[in-house]
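Me: Could you walk me through this structure step by step? I'd like to begin with the charged side chains and then move on to other topics.

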Amino acid sequence: MLKIGSHVSMNGDKMFEGSVEEALSYEATAFMIYTGAPQNTRRKAIDKMRIEEGKALMKEKGIDPQDVVVHAPYIMNLANPDPEKQKFAVEFLTEEVKRSAAMGVSQIVLHPGAHVKQGSEAAIKRIVEGLDKVFDNTKNLNTLIALETMSGKGTEVGRSFEEIKAIIDGVEHDERLSVCFDTCHVHDAGYDIVNDFEGVINEFDRIVGLDRISVLHINDSKNPLGASKDRHENLGFGYIGFETLNTIIHHEKFTHIPKILETPYLPKTDEDKKRIYAPYKEEIAMIRAQKFDPNLKENIRNKHQQ
């Protein structure tokens, strides 16, 4: 079975149960959630998240908990040179790991951090220190932290396979680290997955190891190769293209891991830029058919405006 889904929301009264319902509405077999808004660290108590209701619905509909992913909020920065801010990141990530475990989720995706003009080497050292503390704080849990490959925007760490490897090598309990391979980020960082995907994954295997990849983020890119900008595009409408993304999704080496769409919502019209239409049901259908629909955006708009 193809393990495909998207990021879904978790808010309102239904929380985790509502996330499962949204994923099912897209006919997904996997999904990714934030335990709250990704731009802040306000979170509801675990007993208010309707976790058991969500688990029951997943069991009823055949969604494997191993195919559910949590994404840590963007604003945490384990590489921050400010001791108090780094301490806060460690404490919050610790709680995110505990929340993920309570939901039965096996992995949490993490942007490694940003060096804030201190340089990558110093930042990697602080990231390693922070991850060691998080793992010490959660010794009784098996939840993986999946380091996301980054685009190289600003002072991001993780823009190269070598930086990801350096973090893994530095962490004491590296058995609890995996990798989230993001197609847009890797492309924007300068890895030519369009013309030489096999070469790119062979390079990743040599440096990090393909067995470390535990989730794929499937996104097209609004930017040319090596732009270092991280601007996602809907499948087939960007510089990566549907053919390449379809090859990655259906690649035999990745059949066992969830693939998560983070493509943008569509605006109501070209003039009204407010993004209100989720494209995931149609994109997932296109993936299953393995055929690009050039009228995807127009069809989604028309469906919602009828």
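Me: Where do Arg99 and Glu96 lie?
Reply: This is a predicted model, and in it Arg99 and Glu96 both lie in helix H3, where three residues, or about one turn of the helix, separate them. Their side chains meet in a salt bridge, with N and O 2.8 Å apart.

Me: Is Arg99 buried or exposed?
Reply: Arg99 has a relative accessible area of 9%, and because buried means under 20%, Arg99 counts as buried. Glu96 is buried as well, with a relative accessibility of 0%.

Me: How many salt bridges does a search of the whole structure find?
Reply: The search finds 15 salt bridges. Among them is the one in which the side chains of Arg212 and Asp174 meet, at 2.6 Å from N to O. Here again distant parts of the chain are linked, as Arg212 is in the loop between helix H7 (193-207) and strand E9 (213-218), Asp174 is in the loop between helix H5 (161-170) and strand E8 (177-182), and the two are 38 residues apart.

Me: And how covered are those two, Arg212 and Asp174?
Reply: Arg212 is buried, with a relative accessible area of 16%, whereas Asp174 has 26% and is partly exposed.

Me: Which residues are linked in a network of salt bridges?
Reply: Glu17, Arg50 and Glu53 are linked in such a network. Arg50 is placed in the loop between E2 and H2, and with a relative accessible area of 32% this residue is partly exposed.

Me: What about the backbone of Arg50, what is its phi?
Reply: Arg50 has a positive phi of about 50°, although Arg50 is not a glycine. For background, most residues other than glycine have a negative phi. Met15 also has a positive phi of about 50° without being a glycine. The place of Met15 is in helix H1, which covers residues 15-25, and Met15 counts as buried at 4% relative accessibility.

Me: Changing topic to the surface: which residues gather in a patch of positive charge?
Reply: Lys229, Arg231, Lys273 and Arg275 gather in that patch on the surface. One of them, Arg231, has its place in the loop between strand E10 (220-221) and strand E11 (232-233). Arg231 counts as partly exposed, at 44% relative accessibility.

Me: Now the aromatic rings. How many aromatic pairs does the count come to?
Reply: The count comes to twelve aromatic pairs. In one of them, the rings of Tyr34 and Tyr74 have centres 5.7 Å apart and planes at 75°, so this pair is edge-to-face. Tyr34 lies in the loop between strand E2 (30-33) and helix H2 (51-61), and Tyr74 lies in the loop between strand E3 (68-71) and helix H3 (83-102), so the pair ties together parts that are 40 residues apart in sequence.

Me: Which pair do Phe237 and Phe292 form, stacked or edge-to-face?
Reply: Phe237 and Phe292 form an edge-to-face pair, with 5.2 Å from centre to centre and 65° between the planes. Phe237 is in the loop between E11 and helix H8 (242-249), and Phe292 is in the loop between helix H9 (280-289) and helix H10 (296-305), so that distant parts of the chain, 55 residues apart, are linked. Phe237 is partly exposed, with a relative accessible area of 26%, and Phe292 is partly exposed at 29%.

Me: Last one: which residues do ring pairs link into a cluster?
Reply: Phe161, Phe181, Tyr191 and Phe204 are the residues that ring pairs link into a cluster.

Definitions and conventions. Residues numbered from 1 in each chain as written. Predicted model: local features only at pLDDT ≥ 70, side-chain atom pairs only at ≥ 80, totals over all residues. Heavy atoms only, no water. Patch = residues over 30% accessible without salt bridge, like charges linked within 9 Å, V, L, I, M, F, W, Y side chains within 5 Å. Areas by Shrake-Rupley, 256 points an atom, 1.4 Å probe, with all protein chains shown as cover. Salt bridge = Lys/Arg side-chain N within 4 Å of Asp/Glu carboxyl O. Lys, Arg positive; Asp, Glu negative; His and termini not counted. Charge placed at Lys NZ, Arg CZ, Asp CG, Glu CD. Helix = DSSP H or I, 4+ residues; strand = E, 2+ residues; numbered from the N terminus. Buried < 20%, exposed > 50% of the residue type's maximum accessible area, 1.4 Å probe, protein only. Phe/Tyr/Trp six-rings, centres within 6.5 Å; stacked < 30°, edge-to-face > 60°.
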